[in-house]
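Dear colleague,

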Amino acid sequence: FFSDRLFNDLNKVSGRFDVDSVHLTEFPVADESAIDADLEERMQMAQKISSLVLGLRKKVNIRVRQPLQKIMVPVLDEKFRHQLQGVEQLILSEVNVKELEYLTETAGVLVKKIKANFKTLGPKFGKLMKQIAGRIAAFSQEEIAIIEQQGSYTIEVEAQSIILGLEDVEILSEDIPGWLVASEGKITVALDITITEELKQEGIARELINRIQNLRKEQGLEVTDKIELSVQKHSEISAAIVNNNEYICSETLAVKLNYTDILENSARMEIDISEDIKTFVLVQKAIN
């Protein structure tokens with residue numbers, strides 16, 4: 001019903017169709033010239049990397065509103081780099097990380113492990129499977145990099161040349177101190193989970209902004225309404241408010257932020273910044 005209403009509302013303006021319902025229109029003919037395969041690949045890459053990073057955040061219980069400093073992504077080839085650059089800012093915004101580092105040489109940074117995928121090796125190579133699996137287990141970091149980048153690698157087993165594909169192996173990355181690592185297919189990401197004092201303060205500021213925005217909605221304020229904001233002092237959030245004052249005001253449309261020792265106004269609301277931090281906030285519509 002909503003789709004039909006939307007169709008009719010739009011059609012009244014455009015006059016494009018001479019029918020009374022979307023169900024009476026013909027299916028459109030696809031314009032194949034509009035298909036952008038490179039764009040689709042870039043967006044799929046952005047989705048995979050974002051999903052991996054968000055999964056790592058969840059693994060160590062770091063909320064998305066808590067900014068983190070960096071993710072590292074090994075660059076397999078120039079096409080991979082070009083596509084990643086096209087969605088870099090989208091990824092960083094989605095996962096709330098400040099920078100993305102492109103790794104062209106992972107040796108010494110990411111340590112990878114490899115093992116045989118017996119589901120594909122068995123049907124392909126039969127009796128040679130065990131010998132092939134042993135050779136795969138002995139791969140060096142350089143050999144792992146080659147099969148990742150080229151998609152195949154040739155080994156010698158019992159005087160036979162065996163061509164291995166990516167589907168014949170499973171590649172895993174080990175975590176490194178202060179980082180978490182995850183992989184999916186050809187894509188590997190390493191997330192810096194070190195939370196500096198500056199990042200911690202910005203995270204607190206973002207949590208405060210979220211609570212204030214919720215209070216704006218509860219009070220029925222319009223999106224464009226400016227407010228006067230008062231926050232009761234708390235030792236755990238003082239530095240975050242002082243160092244992010246302008247950012248908080250900008251995001252919440254506060255014409256000023258009063259940070260007071262005691263907030264006694266009866267309209268004040270108690271908010272939870274985290275499990276351990278509670279304070280009082282007063283949101284009032286600014287008088288023009």
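In this model, which is predicted, strand 3 (residues 112-116) and strand 6 (residues 169-173) run antiparallel and are joined by 5 bridges. Strand 3 has a covered face, made of Lys-112, Ile-114 and Ala-116, and an uncovered one, to which Lys-113 and Lys-115 belong.

Turning to the aromatic rings, the count comes to 2 aromatic pairs. In one of them, the ring centres of Phe-7 and Phe-17 are 5.6 Å apart and the planes stand at 45°, which lies between the cut-offs of 30 and 60 degrees, so this pair is tilted. Because Phe-7 lies in helix 1 (residues 2-14) while Phe-17 lies in the loop between helix 1 and helix 2 (37-59), the pair ties together parts that are 10 residues apart in sequence. Phe-7 counts as buried, at 12% relative accessibility, whereas Phe-17, at 35%, counts as partly exposed.

The rings of Phe-139 and Tyr-153 have their centres 5.4 Å apart and their planes at 80°, which is over 60 degrees, so this pair is edge-to-face. Phe-139 is in the loop between helix 5 (129-137) and helix 6 (141-150), and Tyr-153 is in strand 4 (residues 152-157), so that the pair links distant parts of the chain, 14 residues apart. Both Phe-139 and Tyr-153 are buried.

Finally, please look at Arg-268, which lies over the face of Phe-280, at 3.6 Å from the ring centre.

Methods. Residues are numbered from 1 along each chain as its sequence is written. This is a predicted model: local features need pLDDT of at least 70, side-chain atom pairs count only at pLDDT 80 or more; totals for chains, interfaces and linings use all residues. Side-chain values use heavy atoms; hydrogens and water are left out. Rings of Phe, Tyr and Trp (its six-membered ring) pair if their centres lie within 6.5 Å; planes under 30 degrees apart count as stacked, over 60 as edge-to-face and the rest as tilted. Helices (H or I, at least four residues) and strands (E, at least two) are DSSP runs, numbered from the N terminus. Buried means under 20% relative accessible area, exposed over 50%, partly exposed in between (1.4 Å probe, protein chains only). A charge sits over a ring if NZ of Lys or CZ of Arg is within 6 Å of the ring centre and within 35 degrees of the ring normal. Two strands pair if DSSP finds at least two bridges between them.
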